[in-house]
Amino acid sequence: MSATPAVLQATDLHAGYGGPPVLAGVNLTLRSGDAIGLLGRSGVGKSTLVEILGGAMRAHQGHVTLDGVPVGKTPRHRRKEVKARLRTVHQNGIAGVDSQRTVEQTILDAFKEARRAGRTTNNDVEAALAVVGLPIGFVTRRVGTLSGGERQRIAIALALATRPDLLLLDEPLTAVDQSMREEIADDIRALVRADGIGLLVASHDVWLLDRLTDRVLVLAEGRIVESGPLRDLLRDPQHPDTQQLAESLPEAVGGRPPR
Ligand SMILES: Nc1ncnc2c1ncn2[C@@H]1O[C@H](COP(=O)(O)OP(=O)(O)OP(=O)(O)O)[C@@H](O)[C@H]1O
């Protein structure tokens, strides 16, 4: 992590795809050391928001800044640095990575790219794999031969290996089975805390958000409609979407009986 904490700020974001607006005035702040969840029902706009925050998609209105500099308008000579500081793990995992490269080559490429962008990396492929519960034997596997869950795990390993200041995860462990998810979520949490990485996790998976985040923002009707520690929100939900979610969950994860 850089000596100075990073601040990602989204102001009054509006976005859509030509139909009804998907985002209609989203404001949020993510700082180094934060662990924030973005919760909302399917199709509410979580991925859209993550793509805009990470600079992969433009908002129709409003803006996103990283330490005061607009993310989408970073000067060419600073783009690599911004990409290394602010990493996004997309819902589709490692799209864009050469499927013929081995896992080891892919991780070493990520280290190299991060170093070129001025980051300090530990260059430890085994440690990078261990965070996502993959054994060292995976280094010789070609990326194209990995299962969906393994691809998701490699995508997270690649993002973490470059030691970003801020990490955006979009539905990160959907293809990983529950027994592994617990271990991986705990490892991610420990690494993110140790490095002071600011984490934003978009998911409709309450269990995962409980494990990974300190605070959750609920997205509904294009806006953040409520926020707070997950269990507090589920205990006393204000928005109908949060109420519905709380009623659909077992009490063990903070759910509550229907009113
Ligand atoms: N490329 C696109 N073209 C048209 N509509 C889109 C496109 N991408 C997303 N949408 C629509 O925008 C809305 C928000 O989609 P988005 O993927 O951001 O939601 P989400 O909350 O991430 O959903 P999920 O939890 O199911 O992944 C949805 O109604 C979706 O159908």
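The legends below describe close-up views of a predicted model.

**View 1. The six-stranded open sheet.** The strand order is β6-β7-β8-β3-β9-β10, and the pairing is mixed. Strands β6 (86-89) and β10 (223-228) are at the edges; each has a single partner strand, so one side of each lacks a neighbour in the sheet. On average, neighbouring strands in this sheet are turned by 20° against each other, with direction ignored. Helix α1 (residues 46-53) packs on the sheet and touches β3 (35-39), β6, β7 (166-170), β8 (198-202) and β9. The direction of α1 makes about 155° with that of β7.

**View 2. Strand β9 between β3 and β10.** Strands β3 and β9 are paired in the parallel sense, over four bridges. Strand β9 (residues 215-220) is joined to β10 by five bridges, and these two strands run antiparallel. Val218 can be followed across both pairings: Leu39 stands opposite Val218 in β9, and the bridge partner of Val218 in β10 is Glu226. Val216 stands opposite Gly228 in β10. The strands β9 and β10 form a hairpin with two residues between them. In the turn, Glu221 has a positive phi of about 50°.

**View 3. The four-stranded open sheet.** This sheet has the order β2-β1-β4-β5, with antiparallel pairing. Its edge strands are β2 (23-31) and β5 (69-70), each of which pairs on one side only. Five bridges connect β1 (residues 7-15) with β4 (residues 61-66), in antiparallel orientation. Thr11 stands opposite His63 in β4. Asp12 also belongs to strand β1; its phi is near 50°, a positive value in a residue other than glycine. With 13 other C-beta atoms within 10 Å, Asp12 is partly exposed.

**View 4. Helix α1 and its surroundings.** Helix α1 packs on the six-stranded sheet, where its contacts include β3 and β8. The helix also lies across β1, β2 and β4, running at about 125° to β1. Six of the eight residues of α1 are buried, so the helix is largely enclosed by the rest of the structure. Just after α1, Gly55 has a positive phi of about 90°.

**View 5. The largest nonpolar core.** This core has 73 residues. Those with the most contacts inside it are Leu38, Ile107, Ala157, Leu158, Leu199 and Val201. Helix α5 (residues 148-161) gives the most to the core, with eight residues. Apart from neighbours within four places in sequence, Ile107 is in contact with Val125, Ala128, Ala157, Leu158 and Ala161. In soluble globular proteins, nonpolar side chains tend to be buried together.

**View 6. Ala110 in helix α3.** Ala110 is located in helix α3 (residues 103-116). Ala110 counts as buried, with 23 C-beta neighbours inside 10 Å; the cut-off for a buried residue is 20 or more. When neighbours within four places in sequence are left aside, the contacts of Ala110 are Leu158, Ala161 and Thr162. Leu158 and Ala161 are also among the contacts of Ile107. Between Ala110 and Asp98 there are 12 Å in space, C-alpha to C-alpha, and the two are 12 residues apart in sequence.

View 7. Arg163 is in the loop between α5 and β7. Its phi is positive, about 45°, although Arg163 is not a glycine.

Terms used
Residues numbered from 1 in each chain as written. Predicted model: local features only at pLDDT ≥ 70, side-chain atom pairs only at ≥ 80, totals over all residues. Pairing = 2+ DSSP bridges. Axes fitted to C-alpha atoms, helices over the stretch in contact; angles between N-to-C directions. Contact = placed C-beta atoms within 7 Å. Core = buried A, V, L, I, M, F, W, Y, C linked by C-beta atoms within 7 Å. Buried ≥ 20, exposed ≤ 12 C-beta atoms within 10 Å, placed from the backbone.
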